[in-house]
Amino acid sequence: MRIPAHSVCTAIRDDIVTGVFERGSRLTEEQLARRYGVSRVPVREALRTLESEGFVVTRRHAGAHVAEPTDQEAADLLEIRLLLEPLGAARAAQRRTEAHLKVLRGLVRLGQDRARRGQGEDLRSLGAWFHETLAQACGSPGLTALLTQLRHKTAWMYTVDQPAAPVESWAEHGAIVDAVARGDVERARALTALHAERAAAAHRLRRPERVRTSQHAVNIGSARN
């Protein structure tokens, strides 16, 4: 059964973000098809998508390579994220569903519990899930896609220090959800802007290092379902 290109795209993107494929390294269709156990067709489609996202560049007579973003591009990326995340929260205050609120509130409860326990690794995944759900709640597929892409690229270009006061950080998450639940557009926007600005201060430019192992299985079995 043909494996969807979006599954291959996710696998390649994650391997770029985690450093399995170094910046500037060449990506051939044959190499990637063999790695993920797929044909070259979904690989070709995935590379086109990743090029549009800025993870891959195609060089004339040299094929596809992992992009090599500059420090200025990384700084611009963070600035764009600071502008768009408050907009996403404001839209979520207008368009969120009860299902979104249920997930967001559950994540805040978990995050606050893990923060009190000092379980930092859990907080990273919960924080990513929280912001992904908040982006989905904005009710705009285009904005959701932009916010998702920004999170992926930020993870690629930056390392993020753990919050010095994780309990306070998750209290901020809770306040954002309360504003979204009440439909308070301006408060949701302002709280998210403040939270994003504080989070940005914890970002440090990532200096590429070779990572020799992938978190992905070679064959994307889940895509067969």
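Start with the largest nonpolar core, which has 35 residues. Such a core is a set of buried Ala, Val, Leu, Ile, Met, Phe, Trp, Tyr and Cys residues joined through side-chain atoms within 4.5 Å; buried means under 20% relative accessible area, exposed over 50% and partly exposed in between, with a 1.4 Å probe and protein chains only. Select Ile12, Ile16, Phe21, Leu27, Leu32, Val56 and Trp156, the residues with the most contacts inside this core. Now color by element: H1 (5-17), H2 (29-36), H3 (40-53), strand S3 (63-66), H4 (71-95) and H7 (141-157) each supply at least two residues of the core. H1 gives the largest share, 6 residues. Helices (H or I, at least four residues) and strands (E, at least two) are DSSP runs, numbered from the N terminus.

As you click around, keep in mind that this is a predicted model, where local features need pLDDT of at least 70, side-chain atom pairs count only at pLDDT 80 or more, and totals for chains, interfaces and linings use all residues. Residues are numbered from 1 along each chain as its sequence is written, and side-chain values use heavy atoms, leaving out hydrogens and water.

Next, zoom in on Phe21. Leaving aside residues up to four places away in sequence, Phe21 touches Ile12, Asp15, Ile16, Leu27, Gln31, Leu32, Arg35, Tyr36 and Val66, where contact means heavy atoms within 4.5 Å. Then move to a second, separate core of 23 residues, with Leu107, Phe130, Val180 and Ala188 among them.

Now show H5 (residues 98-117) with H8 (residues 166-182): their axes come within 9 Å and cross at roughly 165°. Axes are lines fitted to C-alpha atoms, for helices over the stretch in contact, and angles run from 0 to 180 degrees between N-to-C directions. H5 and H8 are therefore roughly antiparallel (angles over 145 degrees). Among the H5 residues that meet H8 are Leu101, Leu104 and Val108, and the H8 side includes Trp170, Gly174 and Val177. By class, this contact has 12 nonpolar (Ala, Val, Leu, Ile, Met, Phe, Trp, Tyr, Cys and Pro), 4 polar (the others, Gly among them) and 2 charged residues (Asp, Glu, Lys and Arg).

Ala171 is partly exposed, with a relative accessible area of 42%, and its C-alpha atom is separated by 10.0 Å from that of Ala115, 56 residues apart along the chain.

Note on methods. Angles under 35 degrees count as roughly parallel, over 145 as roughly antiparallel, 65 to 115 as roughly perpendicular and the rest as oblique.
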